[in-house]
Amino acid sequence: MRLVVIGVNHKTAPVALRERLAFVGNDLNTALTELKVFTDGSVIVSTCNRTEIYVLVPQAVPQLADADSSPNNSSASMTAATDEHIVIVKQWLAKFKNIAVSEIEPFLYVHRDTHALTHWLRVAAGLDSMILGEPQILGQIKQAVHLSQTEHAVSSQLGWVIDQVFAAAKRVRNETNVGAQAVSLGFAAAKLVTQIFDNLPSRTLLVVAAGEMNRLVTMHIAGLGVGRIIICNRSPERAEALAAELRQANRRVEVRGLDELPQLLAEADIVSSCSGSMAVLIDKNMTAQALKRRRYQPMLMIDLAVPRDIDSTISRMDDVYLYSIDDLQHVIAGNLEQRRQAAVDAELLVSQLVVEIERQFQVRKVGADIQQYRTNTYAQVQQLLTATLKQVENAEVDTEAAIIELSRQLTQTLTHAPSKLMRKAAREGDSQLLDFVVSGLHDAYRKRR
């Protein structure tokens, strides 16, 4: 298949090196343009946890102008050509990032052909992620592919491989439970929202404190399509920063002071709190007043703070669903174990899909080989026919003799390749191949009769 992946991830390289090897902004466009010179197509996947370069190795491998090695472009061995090309890509990466090859070599992994395809499927399916089964990586790969297509860095063969990877990743998602359960606080909180409420555009989310943990939870819940978001925070600057981020996603957001919390609580269907305060911010009396004003419509409260922001006794009140960070962590732990069990099925499916893809690739490849064989044979036949017609026109031979000679030459031309293959099989003692070729030729002869 000539597919190679070279990269680092959270398992093989420290964060400091991953940061130096990351591709961002115009780096990606420039890199893809440079890779086109010595590959048959490339995709660069660069995230906080990995930088991977997927390339198709060309039949002939050119040498970088200032490369230390001297690849032999005339090598008959594709394995040798691939080895040479891996060296070139490593040298290119080091030069592009201004890092010595020796500095990155110990942290790089290299996969080729079947192993490269298996790796790409595992990455796309979330089986190689820091959080097992996370779905974001597939979207990141799709973005990387889109950029490669924009830069005309995706050849037809690489495009075919990419289509198979996406289809396989979709099957893994649909046919296993590897990504079915929530294993992050944000995802778990969003799951709770969907279990308790419907008609989310009519719901209001109250965000108490705009720290990083609450920001992540808020972004997940906002992504569900909640109609209104209110941010209560002591610091207006941090609240406005989160509000600006949400508004970029076309969310309806209000920023209010923390002193307005008792009044705002009655407007909230969902409350997410993580203030870091040493005192309780939402007590039982405040909640009872809010419920009364809400006419006892249900409320979901998520307390991410340690110590707690919300009085734990509120959990005994009717119409209130209160979850602490420990509750969410217990859910996540159980779900993660389910994901690990589902990953066994997912890994097995990936192995089966790789075999299917390689079988399809061989069928696709042999189709091209057959077409090339027919084209070459047709060219030889046309050459013989042209020479024969010229002899007849110039009266060098009579027509009957020319036809007899043309028939002999055509027979030699058409039987040369299979005859050569049968001799090779006999010489090497490959009786299975010999029987297959002989029986195939005899069957074809009988059908023509």
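α9 makes the greatest contribution to the lining of the largest pocket, giving six residues. This is a predicted model in which local features need pLDDT of at least 70 and side-chain atom pairs count only at pLDDT 80 or more, while totals for chains, interfaces and linings use all residues. Residues are numbered from 1 along each chain as its sequence is written, and side-chain values use heavy atoms, with hydrogens and water left out.

**Exercise 1.** Describe the largest pocket by its volume and its lining.

*Solution.* On a 1 Å grid over the protein atoms alone, a pocket is an open set of points with protein on both sides within 12 Å along at least five of seven lines, and lining residues have an atom within 4 Å of a point. Its volume, the space filled by probe spheres set on points joined across faces, edges and corners, is about 630 Å³. Of the 24 lining residues, Ile-131, Glu-134, Gln-136, Ser-184 and His-220 lie nearest the centre. Two or more residues each come from α6 (136-150), α8 (185-196) and α9 (212-222), where helices are DSSP runs of H or I with at least four residues and strands are runs of E with at least two, numbered from the N terminus.

**Exercise 2.** Locate the largest cavity by the strands that line it.

*Solution.* A cavity is a set of grid points where a 1.4 Å probe fits but cannot get out, and the structure holds one of 30 Å³ or more. β1 (3-9) and β3 (50-56) each supply at least two residues of the lining of the largest cavity, which includes Ile-6, Val-8 and Ile-53.
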